[in-house]
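These are my notebook entries on one protein model, written down in the order in which I looked things up. I began with a single residue and its surroundings, and went on from there to the whole chain.

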Amino acid sequence: MDLKYLNTFRTIIEEGSFSKAADKLNYTQSTITFQIGQLEQELSACLFEKIGRRMVLTKAGEHLIPYVDEVLDSVKKLHCFEQDLEACRGELLVGVGETLLCYKLPSILKEFHRQAPKARLFIRSMNCYDIRDELLKGTLDLGVFYETVGGFGTGLCTRSMGEYPVVLVASPQVKKSHPDFLTPDQEIPVPFIINEPNCIFRQMFESYLREKSIRLDHTIELWSIPTIKNLVKSDVGISFLPEFTVREELEQGELEIVRTDLGRPVLSAVCAYHRNKWVSPLMRLFMDLCEEVNYHERTGD
């Protein structure tokens, strides 16, 4: 049995379709279809069936998944058989929340590549809820995200990456014009500039606005934290962001913190993996580096 067929089978499940799997693996769709046909022939079982225009996993296909995962995990172990990180040619797929990727991961990624130069590290910028779900499905090796995502039961193992305050920020001019975000039942004619609706800290602040019956002018939704900061600095509106993302602007006086009744809200960040997943040397290295960065930030060493 060709291992490529098993990898193709797993990729179809991860990507959700034959065409997306073909794109990811750089195959033609006919190659994907051929490989699955060969796998079905060797197993004497139908793994996918066509319902409407979609190819859907059969019961036999569902039962095959844990066996395929076991084989592919064993292959990963063989790639790192000598436990020598410099020689390790394995792959690591990590989902990361955007703010953490932009501001916390660069030094970790640099050191990871220094210690494991032959490894292939794949990073995906993702929403925290999606990271949790992909980890639970087993389609990510690791996730770095804020754990306030409605829970994940006992399915994930986590390592702390620290707690980070979240602050309401505005330009000095906007804060001077609209300093009061404490008085309930008021309308403040400034826009809220933030990223997509499932953003954890966006949800925190919108919940606060509802509780206080404070109405803002409108919401400007963007995906780029640097762009959000630039608009806030340019007096366009306010934003609610992890403090570490705006530390430099606060120190330089380009942004100021606006008081709220939230106290000092914090986000807890974690590095997580599925509890049943084999912890490869590359996974262990990445998690150790995350803990090191967290330790240095807390102690100042």
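**Entry on glutamine 203.** I looked up what glutamine 203 touches, and, leaving aside its neighbours within four places in sequence, I found it in contact with Tyr129, Pro197 and Asn198, where contact means heavy atoms within 4.5 Å. I noted that the model is a predicted one, in which local features need pLDDT of at least 70 and side-chain atom pairs count only at pLDDT 80 or more, while totals for chains, interfaces and linings use all residues. I also noted that residues are numbered from 1 along each chain as its sequence is written, and that side-chain values use heavy atoms, with hydrogens and water left out.

Glutamine 203 sits in helix α9, which runs over residues 200–212; helices (H or I, at least four residues) and strands (E, at least two) are DSSP runs numbered from the N terminus.

**Entry on valine 190 and valine 174.** I found valine 190 in the loop between β7 (186–188) and β8 (192–194), and valine 190 counts as buried because its relative accessibility is 7%. Apart from neighbours within four places in sequence, the residues in contact with valine 190 are Val174, His178, Phe181, Leu216, Asp217, His218 and Ile238. The C-alpha atom of valine 190 is 9.0 Å from that of threonine 219, which is 29 residues away along the chain.

Valine 174 has 8% relative accessibility, so I wrote it down as buried. Beyond the neighbours within four places in sequence, valine 174 is in contact with Val190, Asp235 and Ile238.

**Entry on two serines.** Which value of phi did I find for serine 44? Phi of serine 44 is near 55°, a positive value in a residue other than glycine. Serine 44 lies in the loop between α3 (29–43) and β1 (48–51), and it counts as exposed because its relative accessibility is 69%.

Serine 213 also has a positive phi, about 55°, although it is not a glycine. I placed serine 213 in the loop between α9 and β9 (214–216), and it is partly exposed because its relative accessible area is 34%.

**Entry on the domains.** The domain assignment, automatic or from a database, gives domain 1 (3–87), domain 2 (90–163 + 268–299) and domain 3 (164–266). The C-alpha centres of domain 2 and domain 3 lie 27 Å apart, and their contact takes 17 residues from domain 2 and 18 residues from domain 3. The area buried between domain 2 and domain 3 is about 1,400 Å², with 60% given by carbon and sulfur atoms; buried area is the accessible area (1.4 Å probe) that two parts lose on being put together, summed over both.

**Entry on the whole chain.** I counted 12 helices and 13 strands in the protein chain, whose C-alpha trace spans about 70 × 50 × 35 Å along its principal axes. Buried residues make up 45% of the 301 residues. Of the contacts with a separation of 6 or more, 72% are between residues 24 or more positions apart.

Key:
Buried < 20%, exposed > 50% of the residue type's maximum accessible area, 1.4 Å probe, protein only.
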